[in-house]
Amino acid sequence: MAARVAMMSLVGWMMVVIMLGCSLKAIEATNDETEKFHVSGLVKCQDCSGDWNAWVEGGKPIKGARVSITCLDEGKGLAFYNSDATDDDGEFNMVVDKVKHRKNLNPKDCIVRLVSCPDKSCNIPTDFGQGNTGVKLRQPSVMFRGMTKYVVGPFFYTTPTCDVNPDDDTNSYQVSK
């Protein structure tokens, strides 16, 4: 009788473990977002030919501009690189797995920057919004139901007539060659 009770108890525990395992897999499947982080932002053309408010607050979205993300590993070696093109509204959104090639990626070791722009009339990268030098991911902008999202920028390109020569002490606008 004791052996039968022990066997029933063992079978009961096995069922609990199986059910718990299935439940954990279901939770894991719905929480795949915890294994990723999102990076999004906006890329615009900043034109200096208007007034100050139009220059600072304006800007038209650039379709097809490329933005990259570079992540380093614990040893400061390259762990991940990817880029994304902006949509019709000048927006980009990259989803990054937190584990790449068996290396854990820490978003704080990632930099997002401008790469290229298809707009020939507005294709000079600026550091307005740190798009040219790159933005390190610091604090998530959104954390909701397992999703972590970093919003950067907006990043700006400018026109050749608005390009400032950093070697010119007068800081005047010049036409780029």
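Which residue in β12 is the bridge partner of Val 142? Work this out first, then go on to the exercises below. The model is predicted.

**Exercise 1. Trace the partners of strand β12.**

Step 1. Start with the opening question. The bridge partner of Val 142 in β12 is Lys 149.

Step 2. β11 covers residues 142-144 and pairs with β12 in the antiparallel sense, over 3 bridges.

Step 3. Look at the connection. β11 and β12 form a hairpin with 2 residues between them. Arg 145 sits in the turn and has a positive phi of about 50°.

Step 4. Turn to β1, residues 36-46. This strand runs parallel to β12 (residues 147-158), and 8 bridges join the two. Here His 38 has Lys 149 as its bridge partner.

Step 5. Ile 124 stands opposite Thr 158.

**Exercise 2. Describe strand β3 and its two pairings.**

Step 1. Check burial. Of the 7 residues in β3 (residues 66-72), 5 are buried, and the strand is mostly covered.

Step 2. Pair β3 with β4, residues 78-85. The sense is antiparallel and there are 7 bridges. Ser 68 has Ser 83 as its bridge partner in β4.

Step 3. Inspect the hairpin of β3 and β4. It has 5 residues between the strands, and Lys 76 takes a positive phi near 65°.

Step 4. Pair β3 with β8, residues 110-116. They run antiparallel, joined by 6 bridges. Thr 70 stands opposite Ile 111 in β8.

**Exercise 3. How many disulfides does the structure hold, and which cysteines do they join?**

Step 1. Count them. There are 2 disulfides.

Step 2. Take Cys 45 and Cys 122. Their S to S distance is 2.0 Å. With 105° about the S-S bond, the link is right-handed. Cys 45 lies in strand β1 and Cys 122 in the loop between β8 and β9, 77 residues apart. Both cysteines are buried.

Step 3. Take Cys 71 and Cys 110. Their sulfur atoms are 2.0 Å apart. The torsion about the S-S bond is about 110°, so this disulfide is right-handed. Cys 71 lies in β3 and Cys 110 in β8, so the pair ties together parts that are 39 residues apart in sequence. Cys 71 and Cys 110 are buried.

Step 4. Account for Cys 117. This residue is in no disulfide. The nearest cysteine sulfur belongs to Cys 122, 6.0 Å away. A disulfide needs sulfur atoms within 2.5 Å. Cys 117 has 14% relative accessibility and counts as buried.

**Exercise 4. Find the salt bridges and judge the exposure of each partner.**

Step 1. Search the whole structure. The search finds 2 salt bridges.

Step 2. Take Asp 119 and Lys 60. Their closest N and O atoms are 2.8 Å apart. Asp 119 lies in the loop between β8 and β9 and Lys 60 in β2 (residues 60-61), so the pair ties together parts that are 59 residues apart in sequence.

Step 3. Judge exposure. Buried means under 20% relative accessible area. At 16%, Asp 119 is buried. Lys 60, at 44%, is partly exposed.

Step 4. Take Lys 63 and Asp 88. Their side chains meet at 3.0 Å, N to O. Lys 63 is in the loop between β2 and β3, Asp 88 in the loop between β4 and β5, 25 residues apart.

Step 5. Judge exposure again. Lys 63 is exposed at 55%. Asp 88 is exposed at 56%.

Note on methods
Residues are numbered from 1 along each chain as its sequence is written. This is a predicted model: local features need pLDDT of at least 70, side-chain atom pairs count only at pLDDT 80 or more; totals for chains, interfaces and linings use all residues. Side-chain values use heavy atoms; hydrogens and water are left out. Two strands pair if DSSP finds at least two bridges between them. Helices (H or I, at least four residues) and strands (E, at least two) are DSSP runs, numbered from the N terminus. Buried means under 20% relative accessible area, exposed over 50%, partly exposed in between (1.4 Å probe, protein chains only). A salt bridge is a side-chain nitrogen of Lys or Arg within 4 Å of a carboxyl oxygen of Asp or Glu.
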